[in-house]
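Open the model in a viewer and keep the sequence panel beside it. The stops below are given in the order in which to select them.

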Amino acid sequence: MAKLTKAHTATYLVISILAVLLMLVGSPGMAAVERAPATADHSKFKSLKGPFESASQVTEACLRCHTEAAGQIKATTHWTWLYQHEETGQTLGKNKVINSFCGMAVTNEPRCTSCHVGYGWKDMNQPPPEADSAVDCLVCHDTTGDYWKFPTLAGDPTYVPREWPKGSGKMVQPPDLPDIAQNVGATGRANCGSCHFYGGGGDGVKHGDLDSSLVSPARSLDVHMSPDGGNFSCSDCHSTWGHSVSGSRYQVNAKDTLGIDIPGHTDLSRASCESCHGGEPHGREKLNDHVNKLACQTCHVPAFARGGVPTKMWWDWSTAGKLDENSKPVATYDDAGHVSYLSEKGDFRHGENVVPYYAWFDGTVEYTMVDEQFDIDNPPLEINRLDGEPNDPGSRIWPFKLMRGKQPFDTEHKTLLATHVFGADDSSLWSNYDWPKALKFASDMSGMPFSGNFDFMETKMYWPITHMVPPADQALRCGSCHSGESRLAGIGGIYMPGHSGNLWLDRIGWLAVALTLAGVVLHGLARVVFRRRKQS
Amino acid sequence: MSRVLIFKRFERFWHWFQALLIFSLLITGFEIHGSYSLLGFGDATRLHTIGAWSLIVLWLFAIFWHITTGEWRQYVPTRDGLFAVVHYYLIGTFTGAEHPYRKTSKAKHNPLQRLAYLFFKLVISPIIWVSGLLYLFYNDWPALLAGALNLETVALVHTAAAFAMLVFIIAHVYMTTMGQTLTSHIKPMVTGYEDLDEPAG
């Protein structure tokens with residue numbers, strides 16, 4: 001018995017010391033994710049020794065063990081570039097949608113298909129190549145950083161030294177495929193980022209909350225992905241199921257009511273804040289009172305493009321094609337050193353530390369498809385539309401990057417137009433700066449009608465903002481919304497203390513206060529005057 | 001003339017603590033309303049909530065005290081002498097007339113005071129409490145209530161009551177200066193005692 005007590009005392013002592021130490025060190029906070037050790041060392045596999053003539057030969061080697069992987073990939077949106085929207089019935093995906101950047105992927109292969117998770121998709125009028133060996137394993141599973149899908153080769157890396165960017169004199173060397181194959185591993189931020197950070201034709205151009213600064217971000221930029229924070233890979237949240245990645249921009253989970261995902265109870269997809277943080281994440285009850293109407297991101301992503309990489313906010317294609325006196329393309333730059341005009345692409349405006357646009361959103365996004373007639377007399381045209389409204393319990397206020405610009409449309413058919421901007425032919429916009437020719441070629445290429453008459457329409461496009469979450473102390477203050485100059489001014493449907501009010505109530509109220517004060521002052525003055533009279 | 005205890009210890013504590021709370025609630029409340037920026041919305045809200053709960057607790061004690069001591073009778077309205085008091089404040093005070101009301105410890109408020117305080121206690125304050133609690137627990141409204149009422153209505157009623165409170169305070173503070181001397185009305189609320197034409201005990 002005495003022994004037991006002694007043991008207990010020792011235990012308490014140790015716990016106390018640990019507790020004190022913990023207090024000294026600070027609260028545990030966020031620790032980097034620990035990864036289980038791999039069960040295979042790929043450098044020990046004979047089939048990965050090479051030599052490989054092409055990347056697809058590496059895929060063949062992979063598939064000898066990972067027999068189901070190619071089939072799984074080919075069932076995903078990453079492969080098909082098609083997305084059947086269950087709510088709207090629209091068929092979306094890169095194969096179908098038009099955006100306000102370079103228009104459509106169709107008519108711009110092989111530049112666009114350089115980001116396809118496969119090899120050799122040169123004609124998007126056809127489905128991607130059928131062979132299992134056309135699947136690209138390395139773009140997601142390379143850990144060396146040496147594997148790079150060359151921008152103009154429809155998904156392949158270059159196999160000979162090749163200049164990029166064109167005219168820069170910088171040569172890209174062929175990758176060491178055996179070394180890359182022997183060092184494959186789980187996906188990391190740089191893998192996903194090699195495509196998703198560069199959407200729209202360059203670093204940070206498209207999303208605003210996804211750019212190369214997230215490869216190794218500071219805690220203040222992204223507390224989850226920072227090596228000093230959670231060091232999350234993308235797939236820690238975008239959890240996968242047989243190579244199918246969760247989290248969609250076409251059908252966003254705008255309000256995750258499942259809360260923390262517990263095995264056996266929920267779907268285990270973690271692509272929402274609530275998947276880990278639950279539905280009542282704040283210590284202060286009043287903050288938890290906000291989660292039914294506000295997406296986490298609305299307060300916790302105070303601004304996007306914060307990592308030093310600008311994002312495009314305005315892209316006016318109508319001014320493209322101006323050449324200098326020597327008929328050479330020109331480039332101009334703004335005060336911040338960001339490109340503001342290119343003969344190939346027209347006028348741009350870039351932004352950093354951009355305050356998002358806010359809107360009610362239930363997660364469903366509808367697109368203006370390329371063959372859809374729209375009202376050409378009421379610009380700007382919404383390239384995509386956000387569903388959601390204040391009284392819908394499934395909607396919350398979300399932050400968006402609002403991309404604006406001007407892009408070509410058919411004045412007779414009243415439809416948007418696919419543009420042929422890239423191509424090693426004499427018709428692409430970037431080779432001859434001739435819009436009619438490029439539009440005609442795009443029409444011939446895709447089979448989409450073009451009357452020959454076109455103009456430029458101002459357009460808007462919404463991109464949900466969800467990444468670049470800083471530590472909680474950098475979240476928006478109450479006064480960012482609860483003030484006269486509220487970020488949510490004009491959002492509608494909610495009474496926001498500190499911002500909303502009733503003009504007449506205020507007028508009458510302050511008038512009553514002023515009259516009372518005046519009455520009191522007059523009465524007091526009269527007392528003084530009468531007293532003096534009496535005394536004198 | 002004798003020195004009479006008019007305001008007992010609890011009464012004075014209640015009055016001054018209530019005054020402090022109401023001033024803090026007005027200052028933070030109108031900031032929350034967006035009239036100016038002083039502490040920042042977050043801190044203003046936190047202080048306002050703490051102040052509100054404190055005032056509610058204080059009121060529970062005060063209600064208990066009013067009932068158990070029978071002091072609630074001090075607020076029963078009467079028309080008897082009301083006109084004379086109003087006449088005094090409008091005219092008599094300038095002509096040098098005597099205040100028509102004779103205070104006793106059993107009837108320490110004149111008829112106008114009785115009306116004003118009763119209005120404060122039975123109209124302004126309850127409206128502020130009910131609308132304030134609805135405001136605070138907006139997210140927990142039962143479905144039936146949520147269907148019939150919205151936050152905007154609650155907020156506007158709360159704001160209107162706050163304006164009424166502010167008007168009351170201004171008038172109340174001014175009228176405390178209308179005793180024989182500027183502070184003779186205020187003194188008993190501090191010391192508890194006043195010299196009255198009433199036999200002691």
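This is a predicted model: local features need pLDDT of at least 70, side-chain atom pairs count only at pLDDT 80 or more; totals for chains, interfaces and linings use all residues.

Residues are numbered from 1 along each chain as its sequence is written, and chains are lettered from A and ligands numbered from 1 in the order in which they are written.

Now select residues 111-136, the whole of H4(B): 26 residues, with 36 Å from the first C-alpha to the last, close to the 38 Å expected at 1.5 Å a residue (the expected span is 1.5 Å times one less than the number of residues). Helices (H or I, at least four residues) and strands (E, at least two) are DSSP runs, numbered from the N terminus.

Next, colour B:Pro111, B:Ile128, B:Ser131, B:Gly132 and B:Tyr135, which are buried (20 or more other C-beta atoms within 10 Å of the residue's own; exposed is 12 or fewer, partly exposed in between; C-beta atoms are placed from the backbone). Show H2 (41-69), H3 (82-95) and H6 (151-175) of chain B, against which the buried residues of H4(B) pack.

Zoom out to chain B: seven helices and two strands, in the order β-α-α-α-α-α-α-α-β from the N terminus. Its C-alpha trace spans about 60 × 40 × 30 Å along the principal axes, and 18% of its 201 residues are buried.

Key:
Two residues are in contact if their C-beta atoms, placed from the backbone, lie within 7 Å.
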